Amino acid sequence: MADVHAALGGAGLRNVHVREYVRHWAELTGAAQIEVISASDDARLIGEALAEGEILPAGEGRYYSRSYVKDTARSEERTVVATSNPADKGVYNNWRPAGEMRPLLEERMRGASAGKTMYVVPYLMAPVGSPLERYAAGVELTDCRTVALHIIRMARVGVHYIDNLADQNSFVRAVHVTGDLEKLGQGTPSDQRYFVTIADERTILHFGSSYGGNALLGKIAHGLRQAAYDGWASGEFLAEQFMLIGIADKLTGKRYHVCGGFPSASGKTNLAMMLAPDALAGRYRVDFYGDDIAWLRADPDDGKIYAINPEFGVFGVAKDTSEITNPAALASVAPGTGTLFTNVAYNSHTQEVWWEGRTPAPPADVAGWRDWTGTLISERPAEDADAPWAHPNSRFTTALANVPNVAPDFDDPRGVPIDAIIFGGRTRDREPLIRAITDLAEGVYDGLTLGAEATFAAEGVEGLLRYDPMSMRPFMSYPEGAYAAHWLKVIGSAASQPIFAHVNWFRRDPGDGHYLWPGYRDNLRPLLWLLRLKEGEVRGRQTPVGIIPAKDELDLDGIAATPEELETILSIDTPRWKQEIKHREQHLEQFAGLPEEIWQAHRRVAAALHRAD
Ligand code: SPV
Ligand code: MN
């Protein structure tokens, strides 16, 4: 049995509640040793992980790891939000009684860390001194060293974050036990994995994966599910799967901040790290704050909405990251950054990494190259010849500070005042490039009806959205009706309201299907229009679903789009919108207790479309 007192005492961790928590789980999981981790332990842990072969060198100051082949992503089916109150059951939160889930997890975790080290990782999901700091402290217990290395990059990690708490008992208890990955029946009817947030006990119990958000519990389990629940229960804030950027106008000296949600595969990380297009770079600068999570609160001092990124790093999808799609991301994983790559392709001779989209074609000389499963490319069976080298969900993990255009004030505890909240789906034919919404209820309504088009690859009907309210579907922790009401309350309590907008970079030509908008850096242009609209410098054109830029209002200097292409992306398709309204109605009807303001917004939009005939 591990000597908890000696380990915690040796690390200077005096908080008695932490000691009791660690003692309980060390005993239950049967861990052989306890080790308390601070960020300053990184170099030593890297050395140990290299020596054990858990990670491999990937050039100077960069590392590579492979996951178990059946452990490559989040699993929504195995994710549960538990509380003691059945009224907390929503449509998406997969609610179960806490009294049922805790014993189930304890049973799986019992003895499951035998012989292993339990790393005690005290962390903070907020800049130090943030008004939301009391919701941000946590202690993750993990039996996997590479997970500890990831947490050091993704959260602020150190004993002092937890030893100096005003309320010594106010920290999230986050327990991660890997389990025997080869015996868990991933994806089968006897799947043993469970990823549970017991939200009203501020306890997270994840069993059966060492990948991403399944294992880095500060991120989506604490940073989104737990924080959303805490934000609602306290009435104080919103926790959303949002990117967060700043836009500086060098001419006027003004700085704006935009946050927003995008369903998976809609380009959120690329947008978050966007640089200004060359033609506009003389005047504008885009600052990066965060690519995945924002916590939003109204500040009573100046009546504005403020946002922080609670994370400390980026856990970005590697696939399709290139000099064209995201040069800032490439710079952030350059040699010397301490980046950890997971499940990309790796060259065991040269220590290089590669993923689909990194360059137009894979390396021509395949000598030494292995795919994400570790198989030599030269030895892959013929039937696997076309299989990707990197897993589609392969990742890079790097600290925020490595992003070249990280905002100078990214660590400011107050956060940044929000001018605009945007939602963006992936829609081929109906959504314009941007439509602005000035009414709060209509903005929240737009977020609740966010979705991505079903593709042939996923189940679903062409043209029908897979709704993903506010891009929070996998992270929702309390009922959707209450969620909508909480949005109206938090944002509504601000004296100066942000403007809302829906953006769509994916409109296609109705004839040959080509993308009508170049995307990437040029996405700054519609955002600049939105901010000008908010400032009253442009008027736009009112449509039933929001305000669209008038043709001459978008700054198109340096853009090659034809007048016909522009005409299409600055229009709405009324018949398709009328179909969509019917789908939206069914979608919203699932949510008990949806505020009347949201239904009114829905009816206003529907009536305006009807009149548009
Ligand atoms: C996501 O899937 O939206 C992520 C990655 O941000 S993970 O943390 O693994 O969920
Ligand atoms: Mn995410």
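Okay, quick definition before anything else: two strands count as paired if DSSP finds at least two bridges between them. Keep that in mind, and remember that what we're looking at is a predicted model.

So let's start with strands. S17, residues 305–308, and S24 pair in the antiparallel sense, over two bridges. If you want a spot to look at, find Tyr-306, which stands opposite Pro-417 in S24.

Now zoom out a bit. Which strands make up the open sheet here? There are four of them, in the order S12-S16-S17-S24, with antiparallel pairing. At the edges sit S12 and S24, the latter covering 416–417, and each of these pairs on one side only. In general, strands of a sheet pair through backbone hydrogen bonds, either parallel or antiparallel.

Some helices go with this sheet. H8, residues 218–234, lies across S12 and S16, and runs at about 155° to S12. Then there's H12, residues 480–492, which packs on the sheet and touches S12, S16 and S17. The direction of H12 makes about 115° with that of S12.

Okay, over to a helix pair. Two packed helices are described by the angle between their axes and the distance between the axes. For H3 (residues 42–51) and H5 (residues 145–154), the angle is about 150° and the axes are 10 Å apart. H3 passes H5 in a left-handed crossing. On the H3 side we have Asp-42, Leu-45, Ile-46, Glu-48 and Ala-49, and they meet Arg-145, Leu-149, Ile-152 and Arg-153 in H5. The residues of this contact split into five nonpolar, four charged and no polar.

Last stop: H13, residues 524–534. Why do we say H13 is largely enclosed by the rest of the structure? Because 10 of its 11 residues are buried, and here that means under 20% relative accessible area. The buried ones include Leu-524, Pro-526 and Trp-529, and also Arg-525 and Arg-532. After H13 comes Gly-536, with a positive phi near 80°.

Conventions:
Residues numbered from 1 in each chain as written. Chains lettered and ligands numbered in written order. Predicted model: local features only at pLDDT ≥ 70, side-chain atom pairs only at ≥ 80, totals over all residues. Heavy atoms only, no water. Axes fitted to C-alpha atoms, helices over the stretch in contact; angles between N-to-C directions. Helix = DSSP H or I, 4+ residues; strand = E, 2+ residues; numbered from the N terminus. Left-handed = near helix turned anticlockwise from the far one by under 90°. Contact = heavy atoms within 4.5 Å. Nonpolar A, V, L, I, M, F, W, Y, C, P; charged D, E, K, R; others polar. Buried < 20%, exposed > 50% of the residue type's maximum accessible area, 1.4 Å probe, protein only.
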